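Subject: Structure handover and notes

Dear colleague,

Here is the structure I promised to pass on to you, with my notes below it. Please keep it open beside the text while you read.

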Amino acid sequence: VTQDLLGTELTAAEERLLAVYRELKSLCGEDLPPVAASNVRAALALMHNVVNGLALEYEQLSDLGV
Amino acid sequence: VGSDSPYWNPKVETLGRAELEALQLAKLRRQAAWALQRSPWYQRTLAGLDIESLRSLQDLRRLPVLTREDWMSSQAEHPPYGELPAIGGDGAIRVHTTSGTTGKDPLRALDSRKDWAWIAEMWAYGIWGCGVRPGDTAYIAFGYGSFIGFWGLHYSMEKVGVLVVPGGAQTTEARVRQIIDFGATVVASTPTYALRLAQEAAALRIDLPASPVQRLILSGEPAGSIPQTKALIEEQWGAKAYDTAGMTEIGTIMVFECSDQPGGTHIIEDQVIEEVVDPESMQPVPYGERGERVVTSFGRGAIPLLRYRTGDLVCRIPASRCSCGRGFDIYEGGILGRVDDMKIIRGTNVYPRAIEAIVREFSEVDEFQTVITREGVRDEITLRVELKPDCPRDGWDGLEQALRKSLAHAHEGLAFRVEQASAGELPRFELKAKRTVDMREAPIGAAST
């Protein structure tokens with residue numbers, strides 16, 4: 001994905017933010033100890049604010065426990 | 001861009017109308033698809049909806065509205081949360097309720113981790129927009145119970161980097177002392193309680209305007225945008241007052257007053273769609289005309305909210321009426337009241353907001369209440385007034401006449417009765433004030449306070 005929800009090219013910073021968000025989503029699928037599993041989900045909830053706010057992504061995350 | 005930005009989210013707060021609506025449409029399609037997929041309520045009410053058919057925001061109007069009564073009856077039939085939730089209670093991390101001030105069963109709302117983070121995010125648009133910054137100290141005069149109230153504000157303050165003093169269950173005196181002791185620069189409360197805190201400070205001989213408090217974040221009542229009430233609060237605190245408004249059904253605020261104070265509140269339009277409709281015909285009303293808010297939220301996933309009839313009366317005006325540069329439209333005068341707030345007295349429309357605007361012009365008044373009665377076949381409206389403790393009692397006759405004259409002038413000559421209440425007789429409020437008592441349908445023997 002190289003464009004945001006408005007069809008605008010992502011900036012370099014936006015690409016990195018989106019990559020962090022996706023990495024956190026991916027980690028939610030891993031078998032992690034509680035210390036990691038819970039904090040990754042907490043971090044993902046906050047990162048959704050970033051990608052939603054910057055119009056990079058918008059979705060629900062309930063299936064990931066977020 | 002950092003703490004110098006006047007906007008919390010410059011990218012979207014400065015979008016033009018066409019881009020903003022395109023973003024809303026993209027989110028609407030995803031949220032409607034989610035609701036249709038997961039919520040038993042929407043699976044029934046949106047049955048047959050083709051998401052691809054949502055091609056413009058006008059298509060939103062083809063979706064059915066959701067009412068408070070729908071929500072409550074679903075909750076009663078399928079306790080404890082009804083059929084709206086898209087997830088079960090085991091997928092949520094919070095449950096909150098309405099304030100229950102009407103005596104009815106409270107509405108229950110679930111939030112997932114993401115939803116709860118979003119709730120604080122919405123408040124962040126508001127507090128940043130009115131000038132709160134890292135380094136501030138915020139005192140939150142709030143009970144921290146199951147009513148959602150200022151919970152989101154608390155978390156948004158932490159997110160921004162503000163030192164937060166949670167002013168939970170305490171006396172008003174204790175709260176005033178903490179505001180001073182901690183050197184609060186920001187205070188959050190309802191407008192009514194901001195006046196109550198100022199009253200207590202005066203009794204304690206604390207000079208609030210000389211304190212570090214610079215900003216008051218007001219919410220919970222329309223009074224935060226009634227100019228006379230706001231001016232009184234600002235005078236008593238020596239600080240600027242900023243209005244916000246939200247609702248438990250959304251979980252947070254959806255409008256805020258920016259630091260340019262345009263005489264209204266900006267709608268956070270990248271996160272909600274706000275329609276303003278004629279409450280009878282449900283047809284949209286143009287800019288500058290009063291109507292009922294109907295909200296679609298992109299926040300909660302646990303309880304999707306599509307076309308919810310709020311009962312709030314508003315008047316929408318274009319974003320360009322404010323000099324701040326945001327593309328978010330404005331509710332002029334904030335939330336003007338409830339659609340069903342209006343009382344008809346002998347053929348004249350009477351709004352609680354209009355009465356408050358007049359009463360607040362009189363600095364002698366400490367608290368007030370409006371009582372409507374039916375005497376035979378004639379309706380009567382009585383303003384009951386409690387004077388400030390230091391107000392000379394020999395000035396009552398003049399004050400009474402002036403109040404009667406101003407109230408009649410603002411209500412097509414309608415004659416109000418004006419009575420003096422004794423000190424401490426009228427109710428005080430920490431949350432939503434309820435100053436209008438309509439006895440016309442009250443059972444015999446019901447009290448007036």
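Helices and strands here are DSSP runs, a strand being a run of E with at least two residues, and they are numbered from the N terminus. Please bear in mind throughout that this is a predicted model.

If we do not count residues up to four places away in sequence, Thr370(B) touches Ile355(B), Ile381(B), Thr382(B), Leu383(B), Arg435(B), Thr436(B) and Val437(B).

Ala86(B) is found in the loop between α4 (68-77) and β1 (94-97), and at 10% relative accessibility Ala86(B) counts as buried. Leaving aside neighbours within four places in sequence, Ala86(B) is in contact with Trp34(B), Arg38(B), Ser39(B), Gly301(B), Ala302(B) and Pro304(B). Arg133(B), for its part, is found in the loop between α5 and β3, and, with neighbours within four places in sequence again left aside, its contacts are Ser3(B), Ser5(B), Pro6(B), Trp128(B), Val160(B) and Val162(B). The C-alpha atoms of Arg133(B) and Ala203(B), which are 70 residues apart along the chain, are separated by 31 Å.

Turning to the helices of chain B, α8 (residues 191-203) has 13 residues and reaches 19 Å from its first C-alpha to its last, which is close to the 18 Å expected at 1.5 Å a residue. Its buried residues include Pro191(B), Tyr193(B), Leu195(B), Leu197(B) and Glu200(B). Which elements do the buried residues of α8(B) pack against? They pack against the strands β3 (137-141), β5 (186-189) and β6 (215-218), and against the helices α7 (172-181) and α9 (227-237), of chain B. Just after α8(B), Arg205(B) takes a positive phi of about 60 degrees.

Two packed helices are described by the angle between their axes and the distance between the axes. Helix α5 (residues 113-129) and helix α6 (residues 151-160) of chain B pack at an angle of about 70 degrees, with their axes 7 Å apart, and α5(B) and α6(B) are therefore roughly perpendicular to each other. Among the residues that meet there are Trp116(B), Ile119(B), Trp123(B) and Trp128(B) in α5(B), and Trp151(B), Leu153(B), Tyr155(B) and Met157(B) in α6(B). The residues of this contact divide into 13 nonpolar, two polar and two charged.

How many disulfides are there over all chains? The count comes to zero. Cys315(B), for example, is in no disulfide, and the nearest cysteine sulfur, that of Cys322(B), is 15 Å away, whereas a disulfide needs two sulfur atoms within 2.5 Å. Cys315(B) counts as buried at 7% relative accessibility, and Cys391(B) counts as buried at 11%.

Finally, chain A has two helices and zero strands. Its C-alpha atoms fill a box of roughly 40 × 20 × 15 Å, taken along the principal axes, and buried residues make up 44% of its 66 residues. Among contacts in chain A between residues at least 6 apart in sequence, 52% join residues at least 24 apart.

Conventions:
Residues numbered from 1 in each chain as written. Chains lettered and ligands numbered in written order. Predicted model: local features only at pLDDT ≥ 70, side-chain atom pairs only at ≥ 80, totals over all residues. Heavy atoms only, no water. Buried < 20%, exposed > 50% of the residue type's maximum accessible area, 1.4 Å probe, protein only. Helix = DSSP H or I, 4+ residues; strand = E, 2+ residues; numbered from the N terminus. Expected span 1.5 Å × (residues − 1). Contact = heavy atoms within 4.5 Å. Axes fitted to C-alpha atoms, helices over the stretch in contact; angles between N-to-C directions. Parallel < 35°, antiparallel > 145°, perpendicular 65-115°, else oblique. Nonpolar A, V, L, I, M, F, W, Y, C, P; charged D, E, K, R; others polar.
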